[in-house]
Amino acid sequence: MVFIGICIAIFGLTVYASFNRKSSKSNGSTEINLVNSFAIQRSWRNFWYLPTSKTHQDFQYIEGVRVLTCLTIVFMHTRYEPLMLPTSHPDKLKLSLLGKLGNVMTPTTVQIFFTMSGLLMAVNFFSEAKKQPVTWQFLRNKVVNRLIRFLPVYVLWILFTGSVYGILSSGPMAYHTLKAHSLPCRNLWWANLVFVNNLPIQDNFCMIHAWYLGADMQMFLASLGLLTLMWRFPKAVPKLLLAGAIGSAVIMICVSYKHALDPVFRLGLDDVLIGLLLFKWLRFLYMPGYTNLWSYLSGIIAGYAYVTLSNGGYDFRDTKTYKFVRALSTSLVVAVPLISLAFFDVTYDLRPSLWVALMTTITRCYVPLFVAVRFVEKIARPVNSTRKLLSKPAFCYLGKLCYIVYIIHYSIIKMLFSRDDPNAMVDNVKLWERFFIATVSSIGVAFLIYLLVEQPLGAFLRAKLIRINKTKKIQ
């Protein structure tokens with residue numbers, strides 16, 4: 001009832017604001033801010049607006065990377081969900097989970113998101129720090145703005161998942177989807193809202209895929225502290241970044257060693273049956289923010305390089321050290337997946353091993369390193385055909401919906417799965433058809449949520465909560 005009531009209120013406010021927008025002049029009052037924020041004309045105009053700043057032009061291709069990464073995640077979740085169904089060819093299923101190589105690469109996909117977040121965070125931080133001093137108010141505004149970005153859609157969809165989802169997910173397999181996806185949201189919603197749902201402190205999940213938001217928020221706060229130190233002590237930046245790199249690597253080594261975690265994402269038929277090893281790998285290595293710090297840090301380094309080079313700083317890309325790192329990143333992106341394949345044929349050893357822990361750490365580091373180096377390579381360089389393609393307006397528009405698509409897509413996939421026949425075979429699931437339906441449905445719903453929730457609520461909350469020191473801004 002709460003979810004339905006909120007939806008009715010939002011719809012009513014949108015209709016009222018859309019018809020009364022012209023008669024409302026901005027004077028800072030709550031009523032006028034509500035009308036101006038919820039007018040559908042404003043949200044519609046914002047969706048089709050593309051910034052023209054130099055920074056946006058330099059990183060416009062990232063929207064294409066964002067969209068393709070998001071679609072890859074939707075595909076992987078679409079592929080893995082039907083694995084609860086039986087199969088007539090167990091050996092074939094075990095080998096066809098996107099292939100062994102696909103299993104090696106699967107956990108690295110979300111790391112691309114983290115690296116992009118670190119990159120854009122660093123660029124925005126230093127760009128804004130040039131215009132205003134980095135004070136407690138500056139940092140507060142950063143945190144508040146992040147919460148405004150995350151929470152409106154997140155809270156709405158948690159309410160949906162814990163209530164209306166149970167009505168829409170009413171097929172033969174509904175019990176499995178309700179138990180794993182919906183029912184925990186009625187008791188564990190608080191863990192999501194305080195962004196600790198990704199930490200190994202609980203066994204059930206409200207929207208398991210939302211671990212990403214918990215990890216991202218934790219790394220955002222840690223990165224905010226690091227960026228502040230980098231701004232405050234510019235001469236110590238190399239030492240700070242080196243300390244961060246060593247620290248994040250040591251954390252992964254310690255976690256991998258303590259819990260005897262090997263490099264591979266062991267999602268196969270045997271792992272679905274026993275469950276424990278995969279769950280352990282996810283909970284202790286894949287989900288926590290502290291084991292993903294390397295990804296964010298890689299993006300921050302690339303962002304700092306962009307700021308330095310854009311301001312006429314020393315172009316380090318001709319140095320032997322950078323060329324070595326570039327060659328190393330390219331070598332690792334080829335060698336690590338091939339070496340990791342060997343672990344599929346090795347019996348899982350529950351005893352800790354330092355060498356295995358080192359290999360596990362490398363497998364968690366090589367993709368962010370490669371992606372960050374590729375970002376650095378693009379700074380102030382001629383635009384090639386791939387970059388032009390990724391910068392197309394279509395990707396920019398879809399990029400605005402990626403966050404919402406990520407939040408809602410898993411519920412849509414679960415609803416599709418709930419209608420499967422429990423006596424059917426996983427071999428008969430039409431993967432590409434289901435992926436198409438899940439993708440189109442997610443984008444359509446995301447567009448409506450963007451217009452009716454994310455944009456208007458974000459604008460209203462920013463007007464009320466973001467504090468700006470007008471005197472310093474004018475100066």
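Helices are DSSP runs of H or I with at least four residues, strands are runs of E with at least two, and both are numbered from the N terminus. The model is predicted, so local features need pLDDT of at least 70 and side-chain atom pairs count only at pLDDT 80 or more, while totals for chains, interfaces and linings use all residues. Residues are numbered from 1 along each chain as its sequence is written, and side-chain values use heavy atoms, with hydrogens and water left out.

Cys365 sits in the loop that joins α19 (354-363) to α20 (366-378). With a relative accessible area of 9%, Cys365 is buried (under 20% is buried, over 50% exposed and anything in between partly exposed, using a 1.4 Å probe and protein chains only). Apart from neighbours within four places in sequence, Cys365 is in contact with Met252 and Trp294, where contact means heavy atoms within 4.5 Å. The C-alpha atoms of Cys365 and Val333 are 10.0 Å apart in space, although 32 residues separate the two in sequence.

## Packing of α18 against α20

Two packed helices are described by the angle between their axes and the distance between the axes. For helix α18 (residues 320-340) and α20, the angle is about 135° and the axes are 9 Å apart; axes are lines fitted to C-alpha atoms, for helices over the stretch in contact, and angles run from 0 to 180 degrees between N-to-C directions. The two helices are therefore oblique to each other, a class that remains once angles under 35 degrees (roughly parallel), over 145 (roughly antiparallel) and 65 to 115 (roughly perpendicular) are set aside.

The crossing of α18 and α20 is left-handed, which is to say that the near helix is turned anticlockwise from the far one by less than a right angle. Residues making the contact include Tyr322, Val325, Arg326 and Val333 of α18, together with Tyr366, Leu369, Phe370 and Glu377 of α20.

## Nonpolar core and buried residues

The largest nonpolar core has 118 residues, and those with the most contacts inside it are Tyr154, Met207, Trp211 and Ile407; such a core is a set of buried Ala, Val, Leu, Ile, Met, Phe, Trp, Tyr and Cys residues joined through side-chain atoms within 4.5 Å. Leaving out residues up to four places away in sequence, Met207 touches Tyr154 and Ile407, and among its other partners are Trp157, His181 and Asn192.

Phe150, in helix α9, is buried at a relative accessible area of 5%. Beyond four places in sequence, Phe150 is in contact with Phe195, Leu213, Asp216, Met217 and Tyr403, and its C-alpha atom lies 9.2 Å from that of Met217, 67 residues away along the chain.

## Salt bridges

Seven salt bridges are found in the whole structure, each a side-chain nitrogen of Lys or Arg within 4 Å of a carboxyl oxygen of Asp or Glu. Asp216 pairs with Arg146, with the closest N and O atoms 2.5 Å apart. Because Asp216 lies in helix α13 (residues 211-232) and Arg146 in helix α9 (residues 136-162), this pair ties together parts that are 70 residues apart in sequence. Both Asp216 and Arg146 are buried.

Asp58 and Lys54 form a salt bridge at 2.8 Å between the closest N and O atoms, and both lie in helix α4 (residues 54-59), four residues apart, about one turn of the helix. Lys54 is exposed, at 57% relative accessibility. In a further salt bridge, between Arg317 and Asp315, the closest N and O atoms are 3.0 Å apart; Arg317 is buried at 4%, whereas Asp315 is partly exposed at 28%.
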